[in-house]
Amino acid sequence: MQIEESRSQLELAMNRSFAALRITLTVALLFTSSGALGQNPAGAEKSAIRALLARQVDAWNRGDLEGFMAGYWKSPELSFISGATATRGWEPTLERYRKKYQGEGKEMGKLDFFDLRVEMLGPEAALVRGHWHLQMKNGQEPGGLFTLILRKFPEGWRIVHDHTS
């Protein structure tokens, strides 16, 4: 009789343990399948920023300067610094690019960004450091470094400050 009671108590305890395990596994599966456990918001934002920069490279290499500029904040407050020249505003920055790369006897070349390091400064701000390289038809290969500050707007990530050397 005591053995039967012990066996019943053991079976009851095991059933409770298995029930708790099933509930835990079910909840874990639900969170995993919905992405709640595996979410990495910073990783997703970094991917979105890298995608923006890839779109800029693609636009540049098609000769689409306006498409390239779509990655910038379309505001008079945009800041662009290159060498000893500081340019303020989206339109003046576009004009600077036009004069330098689409003026008489100028070419845009084939652009590449590499060694990109994206650092989230918060949920709506990021710092990007990297290298740029142009392959020109005449064999010249200008290049240098850049530092970008990006902000997240309703329309997506945009460069608000660009310091290129």
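This is a predicted model: local features need pLDDT of at least 70, side-chain atom pairs count only at pLDDT 80 or more; totals for chains, interfaces and linings use all residues.

Q: Why is Arg129 called partly exposed?
A: Arg129 has a relative accessible area of 32%. Buried means under 20% relative accessible area, exposed means over 50%, and partly exposed is in between (1.4 Å probe, protein chains only). The 32% of Arg129 falls between these limits, so the label is partly exposed.

Q: What makes Arg129 and Glu119 a salt bridge?
A: A salt bridge is a side-chain nitrogen of Lys or Arg within 4 Å of a carboxyl oxygen of Asp or Glu. For Arg129 and Glu119 the N to O distance is 3.3 Å, so the pair meets the rule. The pair links distant parts of the chain, with Arg129 in strand E4 (residues 125-135) and Glu119 in strand E3, 10 residues apart. Strands (E, at least two residues) and helices (H or I, at least four) are DSSP runs, numbered from the N terminus. Glu119 has a relative accessible area of 35% and is therefore partly exposed.

Q: Why are Arg98 and Glu95 said to be separated by about one helical turn?
A: Arg98 and Glu95 are 3 residues apart in helix H4, which means a separation of about one helical turn. Arg98, at 27% relative accessibility, is partly exposed, and Glu95, at 34%, is partly exposed too.

Q: How do you know whether Arg62 is buried or exposed?
A: Its relative accessible area is 58%, so Arg62 is exposed. Arg62 forms a salt bridge with Asp64, the closest N and O atoms being 3.3 Å apart. Asp64 has 26% and is therefore partly exposed.

Q: Why does Arg158 have no salt bridge?
A: The nearest side chain of opposite charge is Glu155, 4.7 Å away (Lys and Arg count as positive, Asp and Glu as negative; His and the chain ends are not counted).

Q: What does the side chain of Arg158 reach?
A: It reaches the backbone oxygen of Ala70 at 3.2 Å. A polar contact is a pair of N or O atoms within 3.5 Å; within protein, one must be able to donate a hydrogen and the other to accept it, and residues adjacent in sequence count only if both atoms are side-chain atoms.

Q: How many aromatic pairs are there, and what makes a pair?
A: Rings of Phe, Tyr and Trp (its six-membered ring) pair if their centres lie within 6.5 Å; planes under 30 degrees apart count as stacked, over 60 as edge-to-face and the rest as tilted. By this rule the count comes to 9 aromatic pairs. Trp60 and Phe68 form one of them, with 5.0 Å between centres and 70 degrees between planes, and it is edge-to-face. Trp60 is buried at 3% relative accessibility, and Phe68 is buried at 4%.

Q: Why is the pair of Trp73 and Phe153 called stacked?
A: Their planes are 20 degrees apart, with 5.6 Å centre to centre, and an angle under 30 degrees counts as stacked. Trp73 lies in the loop between helix H3 (65-69) and strand E1 (79-82) and Phe153 in strand E5 (residues 143-153), so the pair ties together parts that are 80 residues apart in sequence. Trp73 and Phe153 are buried.

Q: What makes Lys74 sit over the ring of Trp90?
A: A charge sits over a ring if NZ of Lys or CZ of Arg is within 6 Å of the ring centre and within 35 degrees of the ring normal. The charged end of Lys74 is 4.4 Å from the centre of the Trp90 ring.

Methods:
Residues are numbered from 1 along each chain as its sequence is written. Side-chain values use heavy atoms; hydrogens and water are left out.
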